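This report looks at aromatic rings and nonpolar cores. Please have the sequence and the model side by side.

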Amino acid sequence: MSAAPDLTLNHVAIAAPEPEQSMAFYAAFGFRPGFVRRSAAGEIELQQMQRGPVFVELLADKTAPVAGHFGLHTADIAPLLAHLAEQGITPLHPPKRGASGVLWTFFTDPAGNLVEVTSPCPA
């Protein structure tokens, strides 16, 4: 069995049906707005609130992945996917290129919790 590639906790995603109120709350803790995804109507669907190397992902979009997942980050997603495949663990879908500039995919743990894994997009 190969050793697992390095991972870091990257973010926690939570429901935020009123994103502006949630943004103000997390700003009080020193988080600052980062990447935002808006609907065609201009409404916030997803807002990342950054503090250092981690962020809280505020999910207002009802079509986005279920709120309550957490994200792990690795330098290169391919070796991690290979390592996990050796353990019989497969992602819910192949990695996708995100609008924020990362590759991402999801896994489900044995209890049904969602775990997101991201890595930089290759050039």
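Is F106 buried or exposed? F106 is buried, because its relative accessible area is 5% and buried means under 20% (exposed is over 50%, partly exposed in between; 1.4 Å probe, protein chains only). F25 is partly exposed, at 46%.

The model is predicted: local features need pLDDT of at least 70, side-chain atom pairs count only at pLDDT 80 or more, and totals for chains, interfaces and linings use all residues. Residues are numbered from 1 along each chain as its sequence is written, and side-chain values use heavy atoms, with hydrogens and water left out.

**Aromatic pairs**

Rings of Phe, Tyr and Trp (its six-membered ring) pair if their centres lie within 6.5 Å; planes under 30 degrees apart are stacked, over 60 edge-to-face, the rest tilted. The count is three aromatic pairs. Two of them are tabulated below, including the plane angles.

| Pair | Centre distance | Plane angle | Type |
|---|---|---|---|
| F25 and Y26 | 5.0 Å | 85° | edge-to-face |
| W104 and F106 | 5.8 Å | 80° | edge-to-face |

Ring pairs also join F25, Y26 and F31 into a cluster.

**Nonpolar cores**

A nonpolar core is a set of buried Ala, Val, Leu, Ile, Met, Phe, Trp, Tyr and Cys residues joined through side-chain atoms within 4.5 Å. The largest has eight residues: A16, M23, Y26, F31, I44, M49, V56 and L58. Another core lies apart from it, with seven residues, among them L84, L103, V117 and C121.

M23 touches P33, I44, Q47, M49 and L58, not counting residues up to four places away in sequence; contact means heavy atoms within 4.5 Å.
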